[in-house]
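Student: Could we go through this structure together, and could you tell me what stands behind each term as we use it?

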Amino acid sequence: MDTSKKSLLDKQKLNKDRTSYNSISAISESLISTSPTIDKLSTWVAVGSAAVVSLVITNVDKMAKFYSNEHIKILMICLAISLLFALLQKYFAMKCSLSLIVVDEMKNRLSPILEKYQEETSNIQKELTDSGLKIENDFSVTKALEDFQKMLPWYAGISLSRSLKRNKKNVKISHVNRVVNHFWQSFFMSAQFLLLIIFVFMSAFLI
């Protein structure tokens, strides 16, 4: 296979890999964009649970006429765990939200910089064509991140270094992490909602 054909095949492979990565990025970001809606629903459920807890505490003597102490404890435990799940949901919602903010900011700030770099590199290469010289396009965002890492405190640098190593092994790891965070957010919201439903049914059947 001659050099020109090999170069074209390499470009096609690079184009295919880039398209695959961008597609995964678009899908994961579309999925995570539902995070605020899930968080809002969870907040409503948490507010309802907190209101019920407050009502139970202030009227526990009246509830004792209809429920045994054990039953009241069980009902309160359901609400307490539901509120705990609400906090966990909020934690993963925050991680999803921050990841989206970082992605948007990086796109908005890095895209013009990279476009300008490519444009200037192309212009310089055209000027040097007659001289038989060629510029190696060796700029890497990863290298920029490594330089940025040196500016951070040692503990933050270690964390970033681990992230960079994981990204080198699997460039899709950041999208995997976002999807996993979204999964746990959805899981805890569902569990929170389920416990509130259990509380309602138990309240009815334990009388």
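Tutor: Residues 41–60 are 95% helix and 0% strand, with end C-alpha atoms 28 Å apart; helices are DSSP runs of H or I with at least four residues, and strands are E runs of at least two, numbered from the N terminus. This is a predicted model, where local features need pLDDT of at least 70 and side-chain atom pairs count only at pLDDT 80 or more, while totals for chains, interfaces and linings use all residues. Residues are numbered from 1 along each chain as its sequence is written, and side-chain values use heavy atoms, leaving out hydrogens and water.

Student: What makes a set of residues the largest nonpolar core here?

Tutor: A nonpolar core joins buried Ala, Val, Leu, Ile, Met, Phe, Trp, Tyr and Cys residues through side-chain atoms within 4.5 Å, and the largest has 11 residues, among them Val-45, Leu-79 and Phe-199. Helices α2 (35–58), α4 (69–129) and α7 (173–205) each supply at least two of its residues, and α4 gives the most, with four. A second, separate core of five residues includes Phe-85 and Phe-188.

Student: Why is Phe-187 called partly exposed?

Tutor: Buried means under 20% relative accessible area and exposed over 50%, with partly exposed in between (1.4 Å probe, protein chains only); Phe-187 has 39%, and is therefore partly exposed. Phe-187 lies in helix α7.
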